[in-house]
Amino acid sequence: MDVSGIIASNAAKYQAITVEKETPLEVDAGLLLVTDLNSIDEESYSANLEDHLQALARDGVQSLITSLFALPTQRSEDGPLAQLPVPTTALPRSKPLPKPKPPTKWEKFAAAKGIQHKKRDKREWDEERQEWVNRWGRDGKNKQVEEQWITEVPANADILLRHSDVDFDPRKVARDERKARVAKNEKQRLANAARAQGPREARKQEIDQTLATTRISTASMGKFDKKLEGEKKARGVKRKFEPTERPLEDEKNASLALISRMDSDAKKTRREPPTEENVLNVRKAVRFASKGRGGVALGRSAAGARGGRGGRGRGKR
Amino acid sequence: MLRSIKPKNARAKRALDARLPKEVEDPRTAVFVRGTHTGQVLNDVMRDLMALKRPHVISFSKKNDIHPFDAASTSTASLEFWANKNDASMFVIGQTTKKRPNGLTFVRMFDNRVLDMLEVGVESFVSMADIKTAKSTPGHKPLMHFASDLFDTHPRFAQLKSMLIALFNGEVIESICLAGLEYVISSTSAPTPPASSPLAQKSRASSSPPMGPSLDMRLRRHTPPDPELLKLAMKTPKLKKADIEKGLGKKRKNIETDEMGDLRGPDSRRQAGLGQAADAQDEGAQGRGWCSRRAGGAGGWGEPDEPSQKKRRRQST
C-alpha cells in the first residue's frame, strides 16, 4: 500500500516545527521570551499587515514552544511542569537586594565553634496522649506541669520555699521558671537588637536616657530649665508630692529599699571595691592579653605558636 | 513620606513583611493612573491592559493631575508616594492632550524611586471586546514575542522591550505548567528607519484567531534610567552553593534533555566499575554508560512536535 500521498497531504496541513531564519531566534525560556532579530520585511509588511504579523508571531512562538517542550518536566496534578532555566535577559529589580541579618551572639559563637544549626519542630510528640502537641503556645508542652490536675510535691519543698509562710505551689514554681526563661530570651533578644544597631545607635540611646534623667533632676522637674530649639517635651513626667509628714515606718522602708538596691548586683548602682587579696582582675587581664578573644583562644594560640617555632627550628638544623 | 509603621498584631506584621525586599521578587504590581484627561481610546486601552495584567494591578479610576515628564511638577513625588503606599513598582499613566494625543506613559520604579519612563502614543487600537474570540484565563502567564532588529540595536526600542517584559512577565519562576500556556504578547516594529518615525507595532495574538487588544504605538518622550540607580537595580543575588551544584549559574556539562523530556547524562556508577549495581537499580535504562532519568509524564501528553500545540486553547467548560 502506498501511503506517501497520505503523508504528503498530512504534512501539507501543518507547518514546519523548525524555524529557519537568517538570524536564528533568541529564546529565553526562563522568561518565556523569544526575540526575532531579523529586520522587518517591508514588502510583506505593506502587502497585508495582519498576515505579516501573524506569520511573524507564529514563527517566534513555534521556536519558543519547541524549546519549552524540550525542557525537563516534572509530573503534577495539572499536567507536566516544565522546569525553566535561569533567565538570560537581565531586568532591573523592583526593590534592592535584602540585606543580610546581623548574626546574634549565639550565631557568632556557633559559627566559631562549628556548631550546626538544628531546626526544631514547632510540634513535639506526646507519649501519653499519643499525638503531636505544640512545643509552646496554645496547649504547649512547656505548660504541661502547670496545667496538669495533680502535681507531685518534692520532699524538699520547704527548703525550696526558704521558710516562707506560704504553702509550696508546684504550679507557681513551674510557671515562674517558664516566665523566667521567657524574660531571659527577651533580654537576649533586646541585647542582640542593640548590638545589631551598632555602637553609635547604642551611644545615642544612652545619651537620650541621660538627658531625660537630668531634665527631671531638678526640684521643679525641669520646668524652669532653658529649652533648646526643637527639644521635645518629655512625656509621662509628673511631680509627685509626698506628704510633709510621713509615718516613720515609710521613711525607714524607703531607705532600706535604697540601700538594698545599691547592694544588689542587678542594678549596679555602686560597684564593690576590689578586695585586697584579689588585686589582679583576672577577667580583665585575660581579655587584654587575648585582645578580647577569650582565654580558650589565648591558650590555643600559645600552643600553636610554640609548636610552630619548634618545627621551624628542626627544619633549620 | 509615609510614617514608619510598627505592627501591632501578627497579621499587620505579616503584611509588612510581605513588602520587604526579597531575593526572588514577586511580579510587579502596576498602577494604572488616569491623567487630567483621558479619552475613550485610552480608557479602553488601559482597561484591556489591566485585564491582561490582572491580578497584579491597581486601578486609579479618578483623574489625577500628573505630568511625569514635567520636571517642574510634583509628579515624581506623587509617583513615589503612590508606589510606597500601594507597594507598586510600575505605573501606566494615560493622558491625552492636543499636542500629544492618546499618550501612554510606562514608569518603572526601583526602591520606590522612579527608575525610567517611556511615553508612547496610541495611534490605532482594537480592543479585546471587538474581536469575538475566546479570551485567555486571567492570571495565566503570557509568552512574549518581539520581532525586529530594532529591539536589539535601538536603545529606546530596547527600553520598550524591557518595560513590556517587566510589566507582563518580569518575575522569575522555577517551573510552568505547559497546559497553561494560553496566549502570546507579540510586539513588532514598522520597517521604517527609526530616525524618521519609529513606530512600534504591538499586536497580541493568542492563537490562530488573535485575541486582542492590538495597538499601534509611536514612541514619544522618554527618560533614561539614572546610571547609579540602574547599577543598584541590576544587582543579582549571589547563587547559593546548592544551586551551583545543581548546575545553575554555569553551564551543565555532559547533561542533555532528550525529546521525551528526560535528563540524560553519564552515570558515575558505571564509570566507576559498579555497572551491576547501577543496572540493578534502574532497569530499563538503555545504552552503556548513560543513564536516563524519567522526569515526568511528558509521554502521555500529546505530541510536542505538532504545530497545533501552539494553538492550544483552554476550552471553557
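How many contacts beyond four places in sequence does the model have for residues 203-207 of chain B, where pLDDT stays under 50? The model has 23. Contact here means that the C-beta atoms of two residues, placed from the backbone, lie within 7 Å. And pLDDT is the predictor's confidence in each residue, from 0 to 100.

Some ground rules. This is a predicted model, where local features need pLDDT of at least 70, side-chain atom pairs count only at pLDDT 80 or more, and totals for chains, interfaces and linings use all residues. Residues are numbered from 1 along each chain as its sequence is written, while chains are lettered from A and ligands numbered from 1 in the order in which they are written.

Confidence next. The model scores ipTM 0.72 and pTM 0.67. Chain B averages a pLDDT of 77, and 72% of its residues score at least 70. Among the elements of chain B, strand β1 (residues 30-34) has the highest mean, 96. Strand β13 (residues 290-293) has the lowest, 35. Residues 194-198 of chain B fall below 50, and this stretch has four contacts beyond near neighbours in sequence. Where pLDDT is low, the predicted coordinates should not be read in detail.

Now the fold of chain B. Nine helices and 13 strands make it up. These are DSSP runs, numbered from the N terminus: helices are H or I with at least four residues, strands E with at least two. Of the 317 residues, 34% count as buried. Buried means 20 or more other C-beta atoms within 10 Å of the residue's own, with C-beta atoms placed from the backbone.

Take helix α5 of chain B, residues 155-169. Its 15 residues should span 21 Å at 1.5 Å a residue, and its end C-alpha atoms are 20 Å apart, which agrees. The expected span is 1.5 Å times one less than the number of residues. Eleven of the 15 are buried, so the rest of the structure largely encloses α5(B). Among them are B:F157, B:L160, B:M163 and B:F168.

Finally, where the chains meet. In chain B, 64 residues are in contact with 53 residues of chain A. β6(B) gives the most to this side of chain B, with five residues. The side divides into 34 nonpolar, 16 polar and 14 charged residues. Nonpolar covers Ala, Val, Leu, Ile, Met, Phe, Trp, Tyr, Cys and Pro; charged covers Asp, Glu, Lys and Arg; the others, Gly among them, are polar.

Strand β4 (residues 81-83) of chain A and β7(B) pair in the antiparallel sense over three bridges. Pairing takes at least two bridges found by DSSP. A:A82 stands opposite B:I176 in β7(B).

Key
A residue is buried if 20 or more other C-beta atoms lie within 10 Å of its own, exposed if 12 or fewer, and partly exposed in between; C-beta atoms are placed from the backbone.
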